[in-house]
Amino acid sequence: EYLEAVLNSANALLALINSILDLSKIEAGKIELEETEFDLRQLVEDICEPLSIQAHKKGLELSSHIKPGVPLKLKGDPARLRQILLNLVGNAIKFTTTGEILVEVQLQPDNTNDKSALLHFAVTDSGIGIPASKFSQIFESFSQADGSTTRKYGGTGLGLTITKQLVTLMGGRMWLQSTEGKGSTFHFTVSFDLCDNTPETSDYKNMKVLVACNYPSCRNIIKDILYAPGSEISEAIGVEDTLKKLEAAKSARRPYDVIFVDVQLSGIGGFKMAEHITADADISSPVVMMLNSNHRAGDLEKCTEAGASSYIIKPIKHKDIIKTVDLILSKRPVKTDGMLPKHAAPEATESLYGILLVEDNQTNRMVAGSILKKHGYTVKEAVDGQEAVALVSEVMFDLILMDVQMPVMDGFEATKIIKSSETTRNIPIIAMTANALKGDRERCIEAGMDDYITKPIKATELIQMVKKYTQGD
């Protein structure tokens, strides 16, 4: 409990410092936007996945929906877009106690430029809402809709100020729709340059699907992912509607190819519904169960007992739906990304030589080293660039995590030396830096580094980065 209190206090202080620094840089005109290529779907889904844990602890549904026709390969500043969405979704979770939160992205109808895309983002919640008289106030620095000394919700009142200014800096605009007591929708538009976008095609022609779920957003997401010419994707709300659709399919002798059943289906619940479907000899349809990411102990076992063919952990991801349906239709054993229970043991690496951690700060070495070792990696440490160069000349490593600013020899110089050698030039080197300003990434790449991660180190980001370069993930 003491450690959690320290961590929460440290994160709150860090967030406040970063917000003040961002606000100062924006007002001084010192923020310059990056121009890097990124995948929009991956960015949005990566934002929602960790936030879903926080949402599900409150019993909330969190979903993201990139509508058909939105280009996915874009060029712009993904870090600032991530910052905007993190703030808006984080606020939505904070001010919502029941219901759902939905992140939607669509192409603006007035988008006429064939070299860029004007995208419309909307973050909708079913929370407390904001009075119309407070609309302009909430975008002011150090201000919130509830400014009383007894206010229920914490925060500095800087997030929306920075968010709106970032949107403006990126050439877009931001506005709000809200009804007090019924929820809010924060809208913003941003334009990005287009990269090579190959239109997505679906192989699910003539497929018949039933989606039984309480939330329309969930049903719409699956429908858009699986839509193809000639396909028939039906929706069911609650148990009675689901049973009605199943009976109609039996009468018409046209069974469903796949049935999605939400665990939280209103009525008898998803598990009982799955049992009913699998017990009926006239229904041959495979069932996919949809679970909350904070599912209760035993839920995965219940899916198997209910006869489910597969299950998907929320929030729903495009790749999980596609992979699950493909495997079901091909009648191969089903296993999709994100399906392991939250308490599953860390996945051990197949690393033969391990990771070299180069960092002069003892605390940073301890934190990063502990995270890596916990996930099964072998770690060797060095306190400066010179020691790292010496170690690399003696031992072959799978990956090097390189601090940028160090005494004796900094990370840039050490990287140039390592990359200049025929025997070590192919070792991936990831920069670890407290700087996240424009030009830092370019400087790292110019020095020969393959990627970079910002401090303070976060366990999830670190492991994702390591897996990317050691397992091709």
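Student: Which residues of H9 do Ile222, Ile225 and Leu226 in H5 meet?

Tutor: In this predicted model, those residues of H5 meet His318, Ile321, Ile322 and Val325 in H9.

Student: How do you know whether H5 (residues 216-226) and H9 (residues 318-329) are parallel or oblique, given the angle at which they pack?

Tutor: The two helices pack at an angle of about 60 degrees, with their axes 10 Å apart. That makes H5 oblique to H9, because roughly parallel is kept for angles under 35 degrees and roughly perpendicular begins at 65. H5 passes H9 in a right-handed crossing.

Student: What makes the arrangement of H6 and H7 parallel or antiparallel?

Tutor: Helix H6 (residues 238-251) and helix H7 (residues 270-279) pack at an angle of about 15 degrees, and their axes are 11 Å apart. An angle under 35 degrees counts as roughly parallel, and H6 and H7 are therefore described as roughly parallel to each other. Their crossing is right-handed, with Val239, Thr242, Leu243 and Leu246 of H6 making the contact with Met273, His276 and Ile277 of H7. These residues divide into five nonpolar, two polar and no charged.

Student: How do you know that strand E10 is covered on both faces?

Tutor: In a regular strand the side chains alternate between the two faces of the sheet. For E10 (residues 258-262), Val258, Phe260 and Asp262 lie on one side and Ile259 and Val261 on the other, and all are buried.

Student: What makes E8 and E11 partners of E10?

Tutor: Two strands pair if at least two bridges are found between them. Strand E8 (residues 208-212) and E10 pair in the parallel sense over four bridges, and E10 and strand E11 (residues 287-291) also pair in the parallel sense over four bridges. Ile259 takes part in both pairings, as the bridge partner of Leu210 and as a residue whose own partner in E11 is Val287.

Student: Why are E14 and E17 called edge strands?

Tutor: Five strands form an open sheet in the order E14-E13-E15-E16-E17, with parallel pairing. Strand E14 (379-382) and strand E17 (451-454) each have a single partner strand, so one side of each is left without a neighbour in the sheet. E13 (residues 355-358) pairs with E14 over four bridges, and Val358 stands opposite Ala382 in E14.

Student: Which helices lie across strands of this sheet?

Tutor: Helix H11 (residues 385-392) lies across E13, E14 and strand E15 (399-403), running at about 135 degrees to E14. Helix H14 (residues 459-470) lies across E13, E15, strand E16 (429-433) and E17, running at about 170 degrees to E17.

Student: Is Lys317 buried or exposed, and how do you know?

Tutor: Lys317, in the loop between strand E12 (310-313) and H9, has a relative accessible area of 9%, and is therefore buried, since the cut-off is under 20%. Leaving aside neighbours within four places in sequence, Lys317 is in contact with Glu45 and Glu49.

Technical notes
Residues numbered from 1 in each chain as written. Predicted model: local features only at pLDDT ≥ 70, side-chain atom pairs only at ≥ 80, totals over all residues. Heavy atoms only, no water. Axes fitted to C-alpha atoms, helices over the stretch in contact; angles between N-to-C directions. Parallel < 35°, antiparallel > 145°, perpendicular 65-115°, else oblique. Left-handed = near helix turned anticlockwise from the far one by under 90°. Contact = heavy atoms within 4.5 Å. Nonpolar A, V, L, I, M, F, W, Y, C, P; charged D, E, K, R; others polar. Buried < 20%, exposed > 50% of the residue type's maximum accessible area, 1.4 Å probe, protein only.
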